[in-house]
Structure formats: structure tokens, C-alpha cells
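Q: I have a new model open and want a quick tour. Can we start with how a pair of helices cross?

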Amino acid sequence: MTSKNNIAWGIRIVISFLFLLSAVAKLYPSPYFAISTFEVKQLYPMGFSEGFAPYFSRILIGIELALGVLLLQKNFLRSIVIPGTILLLAVFTTHLTIDSFMNGGNSGNCGCFGSLLPMTPIEAIIKNVVAMILLVWLFIILPKTNEKKNNFWVLSTVTFAAILALFMLAPIQPIATEIPEMTVNENLIEIIDSISKPEIEKVPITIDTVRKTEKIVIKDTSKQETKPEIKSEPEMHKSGFAQYFPTIDKGRKTLCLFVPGCDHCREAAKELTDLRKKIKNLPEISIIFMNEEADLIPDFFKFAGAEYPYKIIEVIPFWKALGKGRDTPGIKYLWNGNEYKYYDGINENKFDIIEYQKIIQKPFEQLMK
């Protein structure tokens with residue numbers, strides 16, 4: 001009997017630790033940032049709406065937190081807590097299995113432990129299956145008890161307290177319908193734009209001026225062959241970022257999507273600054289910052305070695321601007337609003353300063369090949 005009791009407590013502690021770790025990890029490095037990232041990267045692709053996802057994410061993490069606590073108490077352990085835990089794991093496993101068949105399960109982060117402990121879908125499935133086997137074993141070896149003596153208020157109080165804690169730690173923010181007025185160095189864009197467009201002196205035309213002009217000979221060019229015009233730059237296109245930077249679709253631009261506290265973003269910004277010192281024709285740099293640790297922006301520019309025009313936007317709009325399946329740091333090469341290169345993340349598509357230098361120095365006809 002003592003041996004079974006020790007095994008039962010061992011299983012309860014292990015599974016409880018996994019659920020508590022899963023809930024806490026989804027709040028790393030900060031609750032709102034982590035939960036918003038979880039919504040955009042995990043819930044939105046599953047079809048959750050922007051209005052429902054914030055509630056579902058907090059309730060789900062709250063339930064995980066509650067189950068981690070409830071596994072260590074005795075009330076309704078066999079009848080509600082263990083079956084409920086198995087059911088939740090089964091739902092997670094079913095979703096991960098479908099996702100693995102459709103998109104492959106050997107890459108990407110399933111989000112089980114947030115960004116604290118990245119785990120592929122296959123690894124998560126194995127973890128869940130092992131946990132379900134342990135829970136079934138626990139259900140078998142636990143002795144039956146008189147449920148009339150159990151207190152349901154313990155379950156309800158712990159569950160509601162955990163969910164409420166999540167809503168307090170990461171309050172739901174209203175969906176932004178307008179661009180937040182959080183702009184710094186915006187006048188720098190106007191200065192650069194005015195330098196690139198020198199004013200042309202206007203000379204008034206008078207009768208005397210017309211009399212002094214030479215005769216204009218009009219040649220018949222109808223029989224001459226017309227050579228196809230070779231374009232030196234692409235047609236104007238809307239990149240979708242003019243709401244942040246009015247001149248972003250005019251000329252050659254470097255658009256960066258950074259997080260102020262991201263070390264990889266800082267390194268990329270420093271590389272761009274070093275490149276700007278080497279070549280004169282570096283496309284103008286503009287930055288969109290995520291509103292996460294925005295107080296670190298001055299330190300960000302100090303590390304980068306230069307300051308650039310930037311905008312700060314909220315977490316969810318930032319992930320949308322970055323693009324589905326993309327990660328930071330994000331760096332785009334735009335020419336008249338047309339996207340010719342997009343680096344993102346720290347893996348196979350990470351920013352390559354040597355390649356970028358070659359790309360931005362190519363004429364338009366070579367970029368089209």
C-alpha cells in the first residue's frame with residue numbers, strides 16, 4: 001500500500017509540475033506580450049477571431065494553472081480532476097497530430113511552454129502521450145473514496161481564482177482601430193525627403209523671351225523605329241506601411257521590424273549602421289518597434305551606433321505587420337513599395353548583411369531576373 005501511495009504521489013507531482021510550468025512559461029518574458037504572441041501564432045491560425053482569442057487564451061492558461069494545483073489535493077481527484085486533465089491533454093494531442101500531418105511536425109514551436117522552452121509538435125505529442133499514460137496509471141492505483149465528503153468549492157475556487165489571476169496579470173486591451181500616435185524622429189523623414197527632392201527654379205516666360213528663341217524644327221519621326229524603353233526603377237506599389245511612414249513607398253527603403261529588447265534585432269541594426277558607413281547608397285532605414293520594453297529604445301540605438309526614424313505599435317498589430325509565420329528580426333528591402341527581399345527570424349532566413357549589400361546594389365533589371 002505504501003509503495004502504491006509513493007508512486008501515486010510521484011505521478012501527481014510530475015504531472016502537476018508540467019502543468020504549472022506550461023502555464024508559467026506562457027507568461028514569459030511578460031504576461032501580455034507572451035499571451036498576445038500565443039494568440040497570434042497559435043490561436044489565429046486555428047481560426048480563432050481577434051475578439052474571442054484573448055478570452056480563450058487566458059481561460060485556457062488559467063485552467064492549466066488550476067489543474068497543476070488541483071492534482072495535489074484530494075477533492076474529486078478520481079472523478080473530475082484526473083479525467084479532466086486527460087481530456088485536456090487528449091484535445092492538445094489531437095490538434096498537434098492534425099497539425100503535424102498537414103504542416104510537418106519536426107519544426108516550429110508548438111507553444112506548449114511558450115518561448116521559454118521551444119518544443120516541436122512531435123516532441124509535444126510524445127510528452128502528452130506519456131503524461132496521459134501516467135494519469136491512467138494514477139487513476140487505477142488510487143483508492144476509491146466517498147465523494148460525499150469531498151468539497152466542490154475547493155475545485156471551483158481554485159479554478160476561478162487561477163482564471164481571474166490571468167485576466168489581472170494580462171488585462172485585455174481594446175482592438176486598435178487607429179494607428180497609435182507614438183512617433184519619434186518623424187521630422188527626420190521630412191528632412192531626408194526634402195534633400196532628395198531639390199527645388200527647380202521657375203523662370204517666367206515673357207514675350208521678349210519668346211521672340212529671342214530660335215526656330216523649332218519639328219521632325220517627322222513616324223517612320224523611325226522606336227526602341228523599347230528600359231525602366232530604371234519599378235512601378236509604384238503600395239507596401240501597406242505608408243500608415244506608419246508616409247514616404248516608405250517612394251524610392252529605395254530598408255524597413256525593419258524590431259523588438260527593443262531583442263539581442264538579434266540589435267545586432268542586425270548595428271550591422272546596418274556599419275554598412276551605412278561603408279556605402280553611400282544604402283536605402284533609407286526606418287524601424288517599426290513592438291511596444292514591449294519600449295523604454296529600452298534609447299539603449300537600442302546606442303548599441304546600434306545611430307538613430308533612425310521609428311514608430312511604436314502594439315504587440316498584436318506588430319505580429320500582423322511582421323506577417324504570418326514570420327519572426328523577429330524582420331528586415332525588408334523595398335523599392336517604390338515593391339518588396340524584393342524579406343529576412344526574418346534567426347534560422348535559415350535570418351538577416352545576411354553580405355547578401356543584402358549585393359542585393360541593394362543591383363540595378364532594377366537585375367532584380368527582375
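A: Helix α1 passes α5 in a left-handed crossing. Left-handed means the near helix is turned anticlockwise from the far one by less than a right angle; clockwise would be right-handed. This is a predicted model, where local features need pLDDT of at least 70 and side-chain atom pairs count only at pLDDT 80 or more, while totals for chains, interfaces and linings use all residues. Residues are numbered from 1 along each chain as its sequence is written, and side-chain values use heavy atoms, leaving out hydrogens and water.

Q: At what angle do α1 and α5 pack, and how far apart are their axes?
A: The angle is about 145 degrees, and the axes of α1 (residues 2–25) and α5 (residues 121–141) are 10 Å apart. Axes are lines fitted to C-alpha atoms, for helices over the stretch in contact, and angles run from 0 to 180 degrees between N-to-C directions.

Q: Which residues in α1 and α5 meet?
A: From α1, Lys 4, Ile 7, Ala 8, Ile 11, Arg 12 and Ile 15. From α5, Ala 131, Leu 134, Leu 135, Trp 137, Leu 138 and Ile 141. Contact means heavy atoms within 4.5 Å.

Q: Zooming out, how many helices and strands does the protein have?
A: It has 13 helices and six strands. Helices (H or I, at least four residues) and strands (E, at least two) are DSSP runs, numbered from the N terminus.

Q: What share of the protein's residues count as buried?
A: 41% of the 369 residues. Buried means under 20% relative accessible area, exposed over 50%, and partly exposed in between, with a 1.4 Å probe and protein chains only.

Q: On to strands. Why is β5 largely enclosed by the rest of the structure?
A: Because six of the six residues of β5 (residues 330–335) are buried. Gly 330, Lys 332 and Leu 334 point one way, and Ile 331, Tyr 333 and Trp 335 the other.

Q: Which way do β2 and β5 run, parallel or antiparallel?
A: Antiparallel, with six bridges joining β2 (residues 252–258) to β5. Arg 252 has Trp 335 as its bridge partner in β5. Two strands pair if DSSP finds at least two bridges between them.

Q: And how many bridges link β5 and β6?
A: Five, again in the antiparallel sense, with β6 covering residues 338–343. Lys 332 has Tyr 342 as its bridge partner in β6. The hairpin has two residues between the strands, and Asn 336 takes a positive phi near 55 degrees there.

Q: In what sense do β2 and β3 pair?
A: Parallel, over six bridges. Lys 253 stands opposite Glu 284 in β3.

Q: How many residues of β3 are buried?
A: Seven of its seven, in a strand spanning residues 284–290. Glu 284, Ser 286, Ile 288 and Met 290 are on one side, with Ile 285, Ile 287 and Phe 289 on the other.

Q: Back to helices. Which residues of α12 are buried?
A: In α12 (residues 353–360), Ile 353, Tyr 356, Ile 359 and Ile 360 are buried. They cover an arc of only 120 degrees around the axis, which puts them on the same side of α12. The arc is that of the directions from the helix axis to the C-beta atoms. Ile 354 and Lys 358, on the other side, are exposed.

Q: What do the buried residues of α12 pack against?
A: They pack against β2, α9 (263–278), β5, β6 and α13 (364–367).

Q: What about Phe 76: what is its phi?
A: Positive, about 50 degrees, although Phe 76 is not a glycine. Its relative accessibility is 13%, so Phe 76 counts as buried.
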